[in-house]
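Please look over the sequence and the model shown below before reading on. The paragraphs that follow lead through the structure step by step.

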Amino acid sequence: MTEKGRRTVPTELAALAAGVSQATIRKWVSRGKITRYGSPQRAEYDLDELYEILSRSARTRRPV
C-alpha cells in the first residue's frame, strides 16, 4: 500500500476517495494531472496527491 512513504490505493479506491469515476482517474493520469504508481498490472495513486488536486479545485470554484 505504501511506496516510498506514499499512501497509495488502487484505481477503484482512488475514485471513491475523490468522488469521481475510475475513468476520470485514468483521464487525469493521461492529462498529467496525477501520477500513476504501481506495476503495469496494478495502477495505484497517491491519496495525498488526490486530496491536493481536490483542494485546489474547490478553491477555484465560484459559488453558484
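At what angle do the axes of helix 1 and helix 3 cross? The axes of helix 1 (residues 11-18) and helix 3 (residues 47-60) cross at roughly 30° and come within 10 Å. Helix 1 is therefore roughly parallel to helix 3, where angles under 35 degrees count as roughly parallel, over 145 as roughly antiparallel, 65 to 115 as roughly perpendicular and the rest as oblique. Axes here are lines fitted to C-alpha atoms, for helices over the stretch in contact, and angles run from 0 to 180 degrees between N-to-C directions. The crossing of these two helices, helix 1 and helix 3, is right-handed, a term used if the near helix is turned clockwise from the far one by less than a right angle, with left-handed standing for anticlockwise. On the side of helix 1, A14, A17 and A18 make the contact, and on the side of helix 3, L47, L50, Y51 and L54 do; contact means heavy atoms within 4.5 Å. By class, the residues of this contact of helix 1 with helix 3 are seven nonpolar, no polar and no charged. In this classification Ala, Val, Leu, Ile, Met, Phe, Trp, Tyr, Cys and Pro count as nonpolar, Asp, Glu, Lys and Arg as charged, and the others, Gly among them, as polar.

The model is predicted: local features need pLDDT of at least 70 and side-chain atom pairs count only at pLDDT 80 or more, while totals for chains, interfaces and linings use all residues. Residues are numbered from 1 along each chain as its sequence is written, and side-chain values use heavy atoms, with hydrogens and water left out.

The chain as a whole comes next. It has three helices and four strands, where helices (H or I, at least four residues) and strands (E, at least two) are DSSP runs, numbered from the N terminus. From the N terminus on, these elements follow the order β-β-α-α-β-β-α. Of the 64 residues in the chain, 28% are buried; buried means under 20% relative accessible area, exposed over 50%, and partly exposed in between (1.4 Å probe, protein chains only). Among contacts in the chain with a separation of 6 or more, 44% are between residues 24 or more positions apart.

A17 lies in helix 1 and is partly exposed, because its relative accessibility is 33%. Not counting residues up to four places away in sequence, A17 touches L47, Y51 and L54. A17 and L50 are 33 residues apart in sequence, yet 8.2 Å apart in space, C-alpha to C-alpha.

How far apart are the axes of helix 1 and helix 2? They are 8 Å apart, and the two helices pack at an angle of about 100°. Helix 1 and helix 2 are therefore roughly perpendicular to each other. The contact is made by T11, E12, A14, A15 and A18 of helix 1 together with Q22, I25, R26 and W28 of helix 2. The residues of this contact of helix 1 with helix 2 comprise five nonpolar, two polar and two charged.

A23 belongs to helix 2 (residues 22-30). It is partly exposed, because its relative accessible area is 43%. The C-alpha atoms of A23 and E12 are separated by 9.7 Å, and the two residues are 11 residues apart along the chain.

Beyond helix 2, K33 lies in the loop between helix 2 and strand 3 (37-39). With 42% relative accessibility, K33 counts as partly exposed. Leaving aside its neighbours within four places in sequence, K33 is in contact with W28, E49 and I53. From K33 to I53 the C-alpha distance is 8.0 Å, with the two 20 residues apart in sequence.

Two residues in strands complete the account. R7 is in strand 2 (residues 6-10), and with 41% relative accessibility R7 is partly exposed. The side chains of R7 and D48 are joined by a polar contact of 2.7 Å; such a contact is a pair of N or O atoms within 3.5 Å, and within protein, one must be able to donate a hydrogen and the other to accept it, with residues adjacent in sequence counting only if both atoms are side-chain atoms. The C-alpha atoms of R7 and E49, 42 residues apart along the chain, are 9.4 Å from each other.

A polar contact of 2.9 Å joins the side chain of E44 to that of R42.
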